[in-house]
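Let's take a walk through a protein model together. Have a look at the sequence and the picture, then read on.

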Amino acid sequence: MVLVAEIDGKGAVLLYHSEDQIHWKYLHILLHSEDSGKRIFECPNYFFLQDKAVLVVSPNDKPCYWIGHQTADHKFVPETAGIIDHSGWAGFYAPNSFADNRGRRIMIGWLTENGRGDLKVPGWQGVQSIPRELTMENGILHMRPIEELEQLRCNGLEYKELQIDGTWECPLKTKAAEIILETETESINSNMELHIFADKAGEEKTVIRYEKEKDTIVIDRTYSNLSGLTDKTPLSCTGTHSCGGKLKLQVFIDHSVVEVFINEREVISTRVYPGSGQSEYIRIQGDRLSLNGLQVYEMENHPSGTQK
């Protein structure tokens, strides 16, 4: 079992052992932060993927992880580190994980309401993210949506190739969708933009942008709501880990939820609050842009506890 503490003004993860899961014995500090700015560690997860040990914490900022190995005396030796989701309090925080009956490591996080700012949205407080599967491939942590989400697909559009010079508008109009976009970074001249929750005039919209010069994915919330009350801070992930110049975005939207999976290596999740009743348009903008594949599926409502 792992617990968290603050020691000497820095976050720490403590390891405990039990023979019966009732009586616990403290063993030692599993990890002690070297960053004085990370005084708070929350929601620790410690598990194994293949032959690697993985430690996840939420440090009052973007949830992060360390990959390493465990010694014979149960010491954790970190080797590499990374970010679980490039949003933190702006979207995805305090994740927890479990091993399902197939042995998969499944993670679910809390999608906070911080993005609504001063906008009054009565009726709920926070939602859960879609479940994501964590895998270890060649010592690198990968994250992908669980395959069961494909059960929600309906009214799909699939393009093996698509040439865009200017703006392409999706024939489907929806506020709940899965969008899979694949391209080569070389085919992007400057920026590529995916507009979601857009109104008919294109004034209200949330923009997912690939900035080629910086190799950065940005969720731009400047025009996500035109009231001026919501948080407009952009969220970004620099270094998309494109494989041989390939870029794959798998995007899930659901009325106020945005989750962007980048090459199954990085994720940015957030909340937006479209105010227009027409914010159901999906558009792609690019200059002589070539897509290797584009899939757009509406996501149907799947009542809890039922199977298809």
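Is Phe261 buried or exposed? Phe261 is buried, because its relative accessible area is 2% (buried means under 20% relative accessible area, exposed over 50%, partly exposed in between, with a 1.4 Å probe and protein chains only). Keep in mind that this is a predicted model, where local features need pLDDT of at least 70, side-chain atom pairs count only at pLDDT 80 or more, and totals for chains, interfaces and linings use all residues. Residues are numbered from 1 along each chain as its sequence is written, and side-chain values use heavy atoms, leaving out hydrogens and water.

Phe261 has a partner, Phe252: their ring centres are 6.3 Å apart and their planes sit at 80°, so the pair is edge-to-face. Here, rings of Phe, Tyr and Trp (its six-membered ring) pair if their centres lie within 6.5 Å; planes under 30 degrees apart count as stacked, over 60 as edge-to-face and the rest as tilted. Phe252 is buried too, at 4%.

A search of the whole structure turns up eight aromatic pairs. One of them joins Trp89 and Tyr93, which are stacked, with 4.1 Å centre to centre and 25° between the planes. Trp89 counts as partly exposed because its relative accessibility is 28%, while Tyr93, at 1%, counts as buried. Elsewhere, Tyr46, Phe48 and Phe76 make up one aromatic cluster.
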